[in-house]
Amino acid sequence: MELQQYWQAIQEKICHRCLDGDPNGVCRLPAGEECTLNSFLPQMVVTLANVQSNSMDAYVSALRRHVCILCDHQRADMACRKRDDLECALDRYYPLIVEIVETVRETMANDEHPSQSH
Ligand code: SF4
Ligand code: SF4
């Protein structure tokens, strides 16, 4: 899986507008804190590849079920303080993330099978 392509697209499209980034897209998270988009990139990409829906709720619920469940911040009742306090980039930007991940996946598929895109 070309995770680097997904990460590059996320950095290009999200980091410069992220609450934890500067206008140049440099991450300003404190030392010792890792961006959830980076920590859970593989799980995020796989999870989103398995959802086909017009409803954003379906994507959110899949991310909660398959990604948040792996995160130390989620409590046993599935609540999350970071989510509530808007401190999690995954939760803050999920509509954009869904769009970015799907675009990168389609671009890679077209690059692999160019004739099928026509
Ligand atoms: S928290 Fe994540 S999305 Fe935000 S600037 Fe840092 S790396 Fe980018
Ligand atoms: S919303 Fe909470 S549990 Fe889910 S990835 Fe973010 S910090 Fe972790």
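Me: Which residues have the most contacts inside the largest nonpolar core?
Reply: The model is a predicted one. Its largest nonpolar core has 20 residues. Those with the most contacts inside this core are Leu37, Leu63, Leu90 and Ile97.

Me: Which element gives the most residues to this core?
Reply: The elements that give two or more residues to the core are α1 (3–13), α3 (41–49), α4 (56–66), α6 and α7 (94–112). The top contribution is 4 residues, and the element that gives them is α7.

Me: With which residues is leucine 63 in contact, leaving aside its neighbours within four places in sequence?
Reply: Leucine 63 is one of the residues with the most contacts inside the largest nonpolar core. A contact here needs C-beta atoms within 7 Å. Beyond the sequence neighbours, the partners of leucine 63 are Met44, Thr47, Cys68, Leu90 and Tyr94.

Me: How many helices and how many strands does the protein chain have?
Reply: From the N terminus on, the elements run α-α-α-α-α-α-α. The count for the protein chain is therefore 7 helices and 0 strands.

Me: What is the radius of gyration of the protein chain, and what would a compact globule have?
Reply: The C-alpha atoms fill a box of roughly 45 × 35 × 20 Å along the principal axes. For 118 residues, a compact globule would have a radius of gyration near 13 Å. The value for the protein chain agrees with this, at 15 Å.

Me: Which residues surround ligand 1, and how do they divide by class?
Reply: Around ligand 1 stand Ile14, Cys15, Cys18, Asp20, Gly21, Cys27, Leu29, Cys35, Leu37, Asn38 and Ala89. Leu37 is also among the residues with the most contacts in the largest nonpolar core. By class, the shell of ligand 1 has 8 nonpolar, 2 polar and 1 charged residues.

Me: Which elements give two or more residues to the shell around ligand 2?
Reply: The shell around ligand 2 includes Cys68, Cys71, His73, Cys80 and Cys88, with Lys82, Arg83, Leu90 and Asp91 also among its members. Its residues divide into 6 nonpolar, 3 polar and 3 charged. The elements that give two or more of them are α5 (81–84) and α6 (89–92).

Me: Is threonine 103 buried, exposed or partly exposed?
Reply: Threonine 103 is placed in helix α7. A residue needs 20 or more C-beta neighbours within 10 Å to be buried, and 12 or fewer to be exposed. Because threonine 103 has 13 such neighbours, it counts as partly exposed.

Conventions
Residues numbered from 1 in each chain as written. Chains lettered and ligands numbered in written order. Predicted model: local features only at pLDDT ≥ 70, side-chain atom pairs only at ≥ 80, totals over all residues. Near = placed C-beta within 6 Å. Nonpolar A, V, L, I, M, F, W, Y, C, P; charged D, E, K, R; others polar. Rg over C-alpha atoms; globule rule 2.2 N^0.38 Å. Core = buried A, V, L, I, M, F, W, Y, C linked by C-beta atoms within 7 Å. Contact = placed C-beta atoms within 7 Å.
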